[in-house]
Amino acid sequence: MRRLLVVLLASLLVFVGIAAPIVLKAADVHPHGYPTVEGIKMMGKVIELMTNGKYKVEVYASGQLGDEKEVIEQTIMNAIQIARVSVAPVQTFYNPIGVFTMPYLFRDEDHYWKVLEGPIGEEILKGLEKIGLVGLCYYDAGARSFYTKKPVQKPEDLKGMKIRVQANEVMIAMVNALGATGVPMAYAEVYTALQTGVVDGAENNPPSYYTARHFEVAPYYCLDSHTRTPEIVLIPKALWDKLTPEEKIIFKTAAWASAQYQKYLWKKMEEEALAAVEKGGAKIFRPDITAFQKLMQPVYDKFPQYKDLIQRIQAVK
Ligand code: BDP
């Protein structure tokens with residue numbers, strides 16, 4: 001009798017639409033307040049609202065659910081439902097996406113967005129289905145540059161240094177082409193590795209350099225802007241396949257809207273971050289970028305699989 005009552009009550013709740021929401025766990029390595037985390041929160045709110053509370057997005061910030069490689073693995077298995085990661089570590093799982101980590105690939109910001117939000121960007125998102133993921137959109141991550149414990153103002157200054165990179169083959173090759181050694185390591189470990197001298201430097205965009213407080217332990221920031229590696233928002237294909245056609249549109253639209261918001265927050269934070277690290281004692285160098293660019297041919301030679309894609313990217317006007 002009791003059981004019957006529970007079943008009846010549960011079906012009634014479902015009927016009137018106050019069933020327990022389906023929780024979607026979202027992962028990000030950045031802290032609350034960081035543009036990507038706020039972007040995901042916005043996307044979550046739009047999804048909740050538009051599905052009348054059927055879905056609820058819980059955001060786990062600051063790497064609570066693991067480093068990006070683990071988060072990607074868990075998302076493929078549907079143990080995490082929303083992954084906001086850099087495209088760099090996705091390369092190990094889906095090689096073509098690594099093209100976006102090639103040094104000095106994009107002419108400028110306008111070119112970057114035209115490629116990402118045009119047919120090539122769409123094709124890469126679609127390709128992720130092969131590994132069990134659906135790519136919803138890209139987020140801005142600006143340009144990455146080196147920061148070190150000893151000043152670096154030209155490529156020769158990097159010689160012999162150990163530089164932390166993301167788990168990505170192109171990044172290792174890029175650092176090696178400059179005469180340093182690329183050491184892949186999880187983001188959460190970089191501060192201590194810099195502090196204890198396990199590495200002599202790392203590379204990232206200003207908001208990461210600032211919020212992870214790496215400027216405290218590697219105070220020389222050389223703005224060579226070697227890569228414009230975008231961020232990406234991924235969900236499991238297993239989840240996507242269960243969505244109704246209407247929900248698919250809601251998820252896509254929510255992601256698109258959140259990308260517009262994230263880009264706005266990004267611009268603001270990029271400027272604030274540079275000012276903040278300078279105030280915090282970091283020294284910013286604006287080097288001759290062509291000196292770095294000139295040394296990148298070996299990286300292009302090392303990844304012939306990207307040749308066609310690169311040509312198509314360069315042809316985007
Ligand atoms: C930041 C990206 C983050 C990466 C991190 C890294 O936003 O997704 O994990 O770089 O270097 O810029 O690992």
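A: V134 stands opposite I235, a residue of strand β10. The model is a predicted one. The pair belongs to the contact between β4 and β10, where six bridges join two strands that run antiparallel. Strands in a sheet are held together by backbone hydrogen bonds, in a parallel or an antiparallel arrangement.

Now look at β10 on its own. Six of its six residues are buried, so the rest of the structure largely encloses this strand. Both faces are covered. E231, V233 and I235 are buried on one side. I232, L234 and P236 are buried on the other.

Five strands make up an open sheet with mixed pairing, in the order β2-β1-β3-β10-β4. β2 (55-60) and β4 (133-139) are the edge strands. Each has a single partner strand, so one side of each lacks a neighbour in the sheet. From one strand to the next, the twist averages 25°.

Helices pack against these strands. Helix α5 (residues 119-127) lies across β4 and β10 (231-236), and runs at about 145° to β4. Helix α10 (residues 245-279) also packs on the sheet and touches β1, β2, β4 and β10. The direction of α10 makes about 25° with that of β4.

The ligand brings E231 back into view. Around the ligand are 13 residues, and H30, E68, R164, N204 and E231 come nearest. In N204, a side-chain N or O atom is 2.6 Å from an oxygen atom of the ligand. In S208, a side-chain N or O atom is 3.1 Å from a ligand oxygen atom. How much of the ligand does the protein cover? On its own, the ligand has 320 Å² of accessible area, and the protein covers 98% of it.

Strand β9 (residues 220-227) contains S225. Six of the eight residues of β9 are buried, so this strand too is largely enclosed by the rest of the structure. β9 has an antiparallel pairing with β5 (residues 144-148), over four bridges. In that pairing R144 stands opposite T227. β9 also pairs with β11 (residues 283-285), in the parallel sense and over three bridges. There C222 stands opposite F285.

S225 deserves a check on its backbone. Its phi is positive, about 50°, although the residue is not a glycine. Negative phi is what most residues other than glycine have. At 29% relative accessibility, S225 counts as partly exposed. S62 shows a positive phi as well, about 55°, and is not a glycine either. S62 sits in the loop between β2 and α3 (68-76). With 46% relative accessibility, S62 counts as partly exposed.

Q91 lies in the loop between β3 and α4 (109-116). Is Q91 buried or exposed? Q91 is buried, at a relative accessible area of 3%. Leaving out neighbours within four places in sequence, its contacts are I97, G98, N168, E169, V170, F303 and Y306.

M296 is in the loop between α11 (289-293) and α12 (297-302). Its relative accessibility is 3%, so M296 counts as buried. Residues up to four places away aside, M296 touches P103, Y104, M174 and L178. M296 and G179 are 117 residues apart in sequence, while their C-alpha atoms are 11 Å apart in space.

Technical notes. Residues numbered from 1 in each chain as written. Predicted model: local features only at pLDDT ≥ 70, side-chain atom pairs only at ≥ 80, totals over all residues. Heavy atoms only, no water. Pairing = 2+ DSSP bridges. Axes fitted to C-alpha atoms, helices over the stretch in contact; angles between N-to-C directions. Contact = heavy atoms within 4.5 Å. Near = heavy atom within 4 Å. Polar contact = N/O pair within 3.5 Å; in protein donor to acceptor, adjacent residues only side chain to side chain. Areas by Shrake-Rupley, 256 points an atom, 1.4 Å probe, with all protein chains shown as cover. Buried < 20%, exposed > 50% of the residue type's maximum accessible area, 1.4 Å probe, protein only.
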